Amino acid sequence: MAHTAERSEPVLDIDRHLRYWKMCLQSSLPRHYLSNEGNRMALAYFIVNSVCILTPPPSETQQDRKPLIAPGDRRKIRQWVLSHQQPGGGFAASSSLVFPVKGYEQWQSETGAQEDVEGPGLANLPATLFALQILALLADENDEAGAFSGVDRVQTLRWLRRLQRQDGSFGEVLKLLPGHGWFIGGGYDMRYCYIAAAIRWVLRGDVREGEPGWVEDFDTERLAEYILSSQTYDGGFAGSSQEEPHAGYAYCAISALSLLDRPVEGSTAPHRSEVLYSGIRNMPGLIHWLSSRQFVYLEPEPPSSDAEYGEREEDEEVNFLLPKRLSDLSLSENLRYVACNGRCNKVADTCYTWWVAAALANLGKGDLLDWQPLRRFLLEKMAHRIGGFGKHPGGPPDVYHSCFGLTALAVMGEPGLNELDGALAVPTRAVGVIEKARAVLLRRSSGEERDSAARAVELGRAMRGARPAWLGAVGGG
């Protein structure tokens, strides 16, 4: 590979990327997103989080530069998020899945039972974390502690506990089946384990039994055992020890374990997770597996002149195999491009740079990344001319890969971007907001049974903009 050190380093064009996110925020997304209508909360998180990563804190913002998300729009998005909260805890992923007001009438808050079990209300585990993150990201600058105002902390934590299976893993959704009890839907996915640990950290706090605000916890030891048992022979993590490891699962396993004993205050300061470091049986293998996800990116060769029109070369998009000529191999430290894959023998993908970089950063091993050529790959091969990042080189941008392209740059300390929390995938200042907002929820729990009806009124109005009829049954004003 030719020596290319003399070429200038690429620059992250923040204004161009902000224009892309402004288009995503204020305009209808292209028709290709219609299949993701059921994941609208996730789309909102990708957009809002990216804007916040690219936007400097208010104290550093130029006076003549208006915020991309105006205060009025922040309030509207927060109201939209709260409107997806379900009476039994958690948030729905889309407006089409929101529980109807009439469904509150038979709801039993302690057991989560309801008479109309066929109601469409479907709280979703990923959507719940995304909703809480959005509320923190869009907190009022003058009232950050009120970011979770309207969030039903108790019911959400109860709902979260019901999602845990006997083996310690978590599902995605709940359904109460008559005569059969709770059905936990969703596959055995390490992502759900991570999301459950993140929601617990965001809402629970360090509350002991008998203290105000205490809610029975899920089985953290069993969750840790499930995660730790999913490490594979080569050091990676998968759905089980017998499956193929994946970088995304490795990130989720590392982050989930670190969140289980993460301090609830001052949490952005480095801390050593005993659950993580004492539990993983093959830490050297994990670090080796993650660092091995890097490979030299090979430019695709142009199609041969005698290829038929429209015919694709068999290896046209393959960029991880050995080159055809031995002379093309290089062990030079001045590689122009390095990329990451999520599994062995897979092609480069923007989001894998995030999963690998964040996983290693969370282990304190970010220095094992060949970051300069990785950064060049993101900015020169994956960043699109209109802003955002594509999945593969030359592909169109999408909100998922565009968000994780930015988080990868941010977690590695890209100048001009806000500092990122590698375990929660939001700027560290949003983590500070979460800590303040959680503390307010806990303080309100002290002697607050008298206000249960008032809170129900507040919640109902936040979700529907009016006082639901069912509130009369609990004496709501």
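Modeller: Let us begin with the cysteines. A search of the whole structure finds 0 disulfides, where a disulfide is a pair of cysteine sulfur atoms within 2.5 Å. This is a predicted model, in which local features need pLDDT of at least 70 and side-chain atom pairs count only at pLDDT 80 or more, while totals for chains, interfaces and linings use all residues. Residues are numbered from 1 along each chain as its sequence is written, and side-chain values use heavy atoms, with hydrogens and water left out.

Colleague: Is Cys52 buried or exposed?

Modeller: Buried means under 20% relative accessible area, exposed over 50%, and partly exposed in between, with a 1.4 Å probe and protein chains only. Cys52 has 7% relative accessibility and therefore counts as buried. Cys351, at 4%, counts as buried too.

Colleague: How many aromatic pairs are there?

Modeller: Rings of Phe, Tyr and Trp (its six-membered ring) pair if their centres lie within 6.5 Å; planes under 30 degrees apart count as stacked, over 60 as edge-to-face and the rest as tilted. The count by this rule is 16 aromatic pairs. For Tyr194 and Tyr251, the ring centres are 5.6 Å apart and the planes stand at 65°, so this pair is edge-to-face. Tyr194 belongs to helix H6 (residues 190-203) and Tyr251 to helix H8 (residues 247-260), so the pair links distant parts of the chain, 57 residues apart. Helices (H or I, at least four residues) and strands (E, at least two) are DSSP runs, numbered from the N terminus. Both Tyr194 and Tyr251 are buried.

Colleague: Which aromatic pair is tilted, with 55° between the planes?

Modeller: That pair is Tyr297 and Phe377, at 5.1 Å centre to centre. Tyr297 lies in the loop between strand S5 (294-296) and strand S6 (338-340), and Phe377 in helix H12 (residues 371-382), so the pair ties together parts 80 residues apart in sequence. Tyr297 and Phe377 are both buried.

Colleague: Where does the charged end of Arg165 sit?

Modeller: A charge sits over a ring if NZ of Lys or CZ of Arg is within 6 Å of the ring centre and within 35 degrees of the ring normal. The charged end of Arg165 sits over the ring of Tyr188, 4.0 Å from its centre.

Colleague: In what sense do strands S3 and S4 pair?

Modeller: Two strands pair if DSSP finds at least two bridges between them. Strand S3 (residues 173-177) and strand S4 (residues 181-185) are antiparallel, with 5 bridges.
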